[in-house]
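Subject: Structure handover, salt bridges

Hello,

Here is the structure I said I would pass on. Please open it first and then read the notes below it.

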Amino acid sequence: MNDTNGPLIQTGDVPVTLLRVEAGYTNNKGEVYDKNGVFINFPRELGSKQRANIDPASVKRQFKQKRVGCVVQERRNYSYYHWTYETLPKLIYLSKNKKELGVDKLYFHFGRIGHPYQREALRRLGFNRWQILDAKKIESLKAKEIVVVRLNESRLKPSFQLCQTIKSAFVQQPVQRPYRKIYLTRDHVKTGRKLINEFELRDLLASYGFQTIVADNLTVAAQARLFNESEYIVSPHGAALANIAFCEPGTKVLELFNQADRSTWSPLYSTIAQVCNLELVPVAPAHTKEISASNHRSNFYADLNAIKRVFAHWRL
């Protein structure tokens, strides 16, 4: 086992660390090997616990004239949130340093590039589909150089620097004064956490001037602009709230949870709101006899009176 026989580079503008291995090998488990097939112990988000070397003769795919950027992804069941806070910063770094790194191909470990938002981000950052290597089809490979990008922080606790990296990729000219009021509906999704009293909530929000938005119908660029222009945001807990990184400081966010037990509430968006200087208020569901048997996917009733109290506090 080799600890790092390749230079480790700490970057400044994007919170990542880089490992470069000449004539190296990699596989779809997120493991990296030197030119002799010796395993490199480069801590990262994933990788099997096996530390055995690789047999160079077993590697069928050879990219002897290509530099391959390895974008290690942590989760098999990928979501917009994990893509935005885990993978996108790595791609942004590779894009910003194209001339220096000379990366010709991208190899995605454990991740399928099939969602429109993924393809849009790759196009925006200057990568085309011919550069993408699918780890499901290519179990292992050798390249002229293996370039591994590792995120320096947890996607569960993103820093201000990470949020700014994501924001700057899609928002070049931030709005001077946010003015929109938006409600992000989940009425169309198949994964739960829908509002049982959706239309009552919409009527209430409309009386305050809110516009109902289906975020999935918008491009990432359009979502970034929408959130950047929004002064008030109401949404059930869900991946669409990953876009609050695009907001301007002072934006107010009301996050609706479907479980009464506050210990079950995800702190993801509260963390992002705090580092981005946003005001996020979590709201429990309305108390019903069904709520005690709920889980994180259960549909629920929004507490309209609690929402009114938050709005009164905000002087809406």
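Lys167 is a buried residue, since its relative accessible area is 8% and buried means under 20%. Please keep in mind that this is a predicted model.

Lys167 has a salt bridge partner, Glu248, and their closest N and O atoms are 2.6 Å apart. The two residues come from distant parts of the chain: Lys167 is in helix α4 (residues 160-170), while Glu248 is in the loop between β11 (230-236) and β12 (252-256), 81 residues apart. Glu248 is buried as well, with a relative accessible area of 14%.

A search of the whole structure gives 6 salt bridges. Another one of them joins Glu229 to Arg180, with 2.8 Å between the closest N and O atoms. Glu229 sits in the loop between α6 (220-228) and β11, and Arg180 in strand β9 (residues 180-184), so this pair ties together parts that are 49 residues apart in sequence. Glu229 is buried at 13% relative accessibility, whereas Arg180 is partly exposed at 26%.

Next, how far apart in helix α5 are Glu198 and Arg202? They are 4 residues apart, which means that about one helical turn separates them. These two form a salt bridge, and their closest N and O atoms are 2.7 Å apart. Glu198 is buried, with a relative accessible area of 2%, and Arg202 is partly exposed, with 24%.

Last, a network of salt bridges links Arg20, Arg67 and Glu145.

Regards

How values were computed: Residues numbered from 1 in each chain as written. Predicted model: local features only at pLDDT ≥ 70, side-chain atom pairs only at ≥ 80, totals over all residues. Heavy atoms only, no water. Salt bridge = Lys/Arg side-chain N within 4 Å of Asp/Glu carboxyl O. Buried < 20%, exposed > 50% of the residue type's maximum accessible area, 1.4 Å probe, protein only.
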